[in-house]
Amino acid sequence: MSALPLQPLLRLESLAVGALAVWGFALTDVSWVWFAALILAPDLGMIGYLGGPRLGAACYNAVHTYVAPAVLAAVAGWTLGLAVASVWAAHIGLDRTLGYGLMLPDGFRHTHLGQIGRTET
C-alpha cells in the first residue's frame, strides 16, 4: 500500500510549519532583506549531486530536515541565529508544501512524498 493518500495532509502540515517559521522570522525584527538573501541557501545542498545520486541525496537531505534549524534555534541565543533558523525552516516548509521531500538515493525525482514531475507511462 502506498503512503501517497497522506500527501495532502503532509503538504498542509508543511505549509503550517513554513507559515510559523515566517512568523517567527518576523518576530526577530531582522531585515526582510536577510530573509530574501537566505531563503534559497539550503538548495546549495544540491551540489552533492555532482558526485552522483547517493551523495546528492545525502547532502540535500542533510540541509532539508527540520533537525538542523531546530538545533540552531535552540542554541542560537542571538537574534540573527534565530532569524537564520526561521528562514531555513521556512524554506523546508515551502519545499515540502510544493512536493519536494527528502530525496531517495535512486534519483533526484524520487522523494519521501512521491515522485517529482510527470510520471512516465
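Colleague: Which residues form a nonpolar patch on the surface?
Modeller: Leu6, Leu9 and Leu10 do, and together they have about 270 Å² of accessible area. Bear in mind that this is a predicted model.

Colleague: Okay, take Leu9. Where does Leu9 sit?
Modeller: Leu9 belongs to helix 1, which covers residues 7-27.

Colleague: And is Leu9 buried or exposed?
Modeller: Exposed: the relative accessible area of Leu9 is 57%, and the cut-off for exposed is over 50%.

Colleague: Changing topic to rings. How many aromatic pairs are there?
Modeller: The count is three aromatic pairs. One of them is Trp32 with Phe35: the ring centres are 5.3 Å apart and the planes are at 55°, so that pair is tilted.

Colleague: Why tilted and not edge-to-face?
Modeller: Because edge-to-face needs planes over 60 degrees apart and stacked needs them under 30, the 55° of Trp32 and Phe35 makes the pair tilted.

Colleague: How far apart are Trp32 and Phe35 along helix 2?
Modeller: They are three residues apart in helix 2 (residues 32-38), so about one helical turn separates them.

Colleague: What about their accessibility, buried or exposed?
Modeller: Trp32 has 45% relative accessibility, so Trp32 counts as partly exposed. Phe35 has 15%, so Phe35 counts as buried.

Colleague: Which residues form the aromatic cluster?
Modeller: Phe25, Trp32 and Phe35 make up one cluster.

Colleague: Good. Now the histidines. Where is His64?
Modeller: His64 lies in the loop between helix 3 (53-62) and helix 4 (67-76). With a relative accessible area of 2%, His64 is buried.

Colleague: What does the side chain of His64 join up with in a polar contact?
Modeller: The side chain of Asp43, in a polar contact of 3.2 Å.

Colleague: And what else does His64 touch?
Modeller: Leaving out residues up to four places away in sequence, His64 touches Pro42, Asp43, His91, Ile92, Asp95, Arg96 and Leu102.

Colleague: I see His91 in that list. Where is His91, and is His91 buried or exposed?
Modeller: His91 is in helix 5 (residues 79-97). His91 is buried, at a relative accessible area of 3%.

Colleague: Which residues does His91 touch?
Modeller: Again leaving out residues up to four places away in sequence, His91 touches Ile39, Leu40, Pro42, Asp43 and His64.

Notes
Residues numbered from 1 in each chain as written. Predicted model: local features only at pLDDT ≥ 70, side-chain atom pairs only at ≥ 80, totals over all residues. Heavy atoms only, no water. Phe/Tyr/Trp six-rings, centres within 6.5 Å; stacked < 30°, edge-to-face > 60°. Helix = DSSP H or I, 4+ residues; strand = E, 2+ residues; numbered from the N terminus. Buried < 20%, exposed > 50% of the residue type's maximum accessible area, 1.4 Å probe, protein only. Patch = residues over 30% accessible without salt bridge, like charges linked within 9 Å, V, L, I, M, F, W, Y side chains within 5 Å. Areas by Shrake-Rupley, 256 points an atom, 1.4 Å probe, with all protein chains shown as cover. Salt bridge = Lys/Arg side-chain N within 4 Å of Asp/Glu carboxyl O. Contact = heavy atoms within 4.5 Å. Polar contact = N/O pair within 3.5 Å; in protein donor to acceptor, adjacent residues only side chain to side chain.
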